[in-house]
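Visitor: Can you walk me through this one? I'd like the overall picture, then some details.

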Amino acid sequence: MAPASLRFTDATFGPAGSMPSTICSSIFRLAMFSSVCGQLLGDSETDRVQDLMSRYPLIDGHNDLALQLRRHYHNLLSRVDLQHLPSVATDIARLRAGRVQTQVFAAYVLCGAQEKDAVRLTLEQLDVIRRMCTEYTDMELVTTAEGLRGAESRGKIACVLSIEGGHSLDSSLPTLRMFYLLGVRSMALTHNCNTPWAGSSSDLYNFYQRENNTLTLFGQAVVQEMNRLGMIVDLSHSSLETARAAISVSKAPVVFSHSSAYAICNHSRNVPDWLLHELKKNRGLIMVTLFSDFVACEGQANVSSVADHFDHIRNTIGAEFIGIGGDYEGVLRFPLGLEDVSKYPVLIKELLRRKWPEQEVAGVLRQNFLRVFDEVEKVRDELRLSPPGEAQIAPEEVDHRCRLVLRPPRSQAPSSAPSSGPPRLLSVALLLPASLLALH
C-alpha cells in the first residue's frame, strides 16, 4: 500500500474536466516514490553482484592481450602502461573493475607461421606475457591451482600461460615439454588451421587437408603427454572429430576455453549438444565466449544473448560444467554492454536476474575451473612414474622444407682429379660428429 500522503480520496478530485493541484502533487509524489524504489532495487542488485564477485572473483579462460601488444607496440613493454591502456579492451584497472582475479593469457601466432617460425614467435609471445605478469606488482605468474588460490589471498591478478594452436609445437613432444617448463599450463590443439596431427573447425587455411579430420596417432600422443605433464587440453578451434577423439583419449578433464552453444548460434566454433554431453562425461568445462559472431548469428548481440547460451548449456548438462572465456583482444565485436573486461559484473547481474542460484554462479565464476585444474593435476600425479613420451611424427606427415631430417652422409667415390671449381657445400649431416650420427 502507498504511504498515506500518496493515497487518493474522493475529495482529491475537483469538478469534471479539472485536475486540481492536489492530484498533480500526489501523482508527482507517487512517481518519485516509484523512482526511489526502482533505484533502491537496482542498487541492491548491484551490491549483490559485487558481494558475490568479491567472494568468488572471476577466472577468465581466454584473453589475447599479448597479440595486441605485438601488433601495436612490437612487444616493447617499456612503451606501454598496462595500468591504463585505452587502445585495447584490457588493462589492469579494468581487470580490477571487472573483478577478474585470474586471467588465462594466450600466446598466439598466426597460422601463416606454420612451417616457418611458429616456435620462435610463440617463445616471444610467452616472453612478453611472462614479463608483464612479473614486472607489474598487481599481477602474479602462477603454474598450479594452489598458486592461483594463493594469488587470490594476496590480492593479485593471477596469470596463467596458454598456447593457442598446436602449430606452435612444430609437431614435437620435446618442444611441448619445454613450453611446460616455461610455465605453460594449457594449449589449444589447433587454431584456424589443421596441424599435421589434428583438425581445425575452420577452413580458412589449406594446411594438411585430409578426409579424416580427427587426431592422428601422433595427435593422441600429444594429448597423452599433456596429461602426463599436467597441462590442460583446450578444444576451442578443434574440429568436432578432433574434439571427440581428444575427449576419448584424455584421462583428465578438457576445456573449451572460448566457445559457446551451437544450439543458440550455429557457428562452427560453437559446441553442439551431443558434444556437450561427451564433455560432461569427461568432467570438463565449456567457457562461454563473448565474441558477437559466436553469440548471435543474426542481429546485434547483447547481454541477454550471452545469457541465453548460459541457460541452454545449464539446461543441457548442468551449471557445474560452465565457465567464462571472454576472448577480449582476440576479436573486434562484443555484445552491447560487454565492451571490455570491466563489464563482467553486468553479465553476472543478468544471470542472477534469471534466478540462477548464487552457488551455481560462483561455480561459473571460479569454482568450476579450479575443479578442472585440480583434477588435471591429480592425473599428472597419478602418471608421475610414466616416462616422457617419445613419439615422433613421420617425416612424410610433416613435409615442409624448413624441417631438417638428419641422415648419415652418403659415401662418395674419391675423386681422381682435383676440382677446379668452387668447393661444394657439405650436407649438415657431414658436419655432425659420427657419435651423434649413430644415434639417428
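Predicted model: local features only at pLDDT ≥ 70, side-chain atom pairs only at ≥ 80, totals over all residues.

Visitor: Fine. How many helices and strands does the chain have?

Guide: There are 15 helices and nine strands.

Visitor: And what share of the residues is buried?

Guide: Of the 440 residues in the chain, 53% are buried. The chain exposes about 21300 Å², and carbon and sulfur atoms supply 54% of that.

Visitor: What about contacts along the sequence?

Guide: Take contacts between residues at least 6 apart in sequence: 72% of them join residues at least 24 apart.

Visitor: Which residues touch the most other members of the largest nonpolar core?

Guide: Leu-82, Met-187, Leu-189, Trp-197, Phe-310 and Ile-348 do, in a core of 101 residues. There is also a second, separate core of 20 residues, with Leu-285, Phe-369, Phe-373 and Val-379 among them.

Visitor: Phe-310 sits in which helix?

Guide: Phe-310 belongs to H11 and is buried there. The helix covers residues 303–317.

Visitor: Is H11 mostly covered or mostly open?

Guide: Mostly covered, with 11 of its 15 residues buried.

Visitor: What covers them?

Guide: The cover includes helices H9, H10, H12 and H13, plus strands S8 and S9.

Visitor: What happens at the ends of H11?

Guide: Asn-302 caps the N-terminal end, with a side-chain oxygen 3.1 Å from the backbone nitrogen of Ser-304. After the helix comes Gly-318, which has a positive phi near 105°.

Visitor: New topic. Which residues have a positive phi without being glycine?

Guide: Ser-171 is one of them, at about 55°. Glu-329 is another, at about 75°. Most residues other than glycine have a negative phi.

Visitor: Where are they, and are they buried or exposed?

Guide: Ser-171 lies in the loop between strand S4 and helix H6. Its relative accessibility is 5%, under the 20% cut-off, so Ser-171 counts as buried. Glu-329 is in the loop between strand S9 and helix H12. Glu-329 is buried as well, because its relative accessible area is 7%.

Key: Residues numbered from 1 in each chain as written. Heavy atoms only, no water. Helix = DSSP H or I, 4+ residues; strand = E, 2+ residues; numbered from the N terminus. Buried < 20%, exposed > 50% of the residue type's maximum accessible area, 1.4 Å probe, protein only. Core = buried A, V, L, I, M, F, W, Y, C linked by side-chain atoms within 4.5 Å. Expected span 1.5 Å × (residues − 1). Contact = heavy atoms within 4.5 Å. Polar contact = N/O pair within 3.5 Å; in protein donor to acceptor, adjacent residues only side chain to side chain. Areas by Shrake-Rupley, 256 points an atom, 1.4 Å probe, with all protein chains shown as cover.
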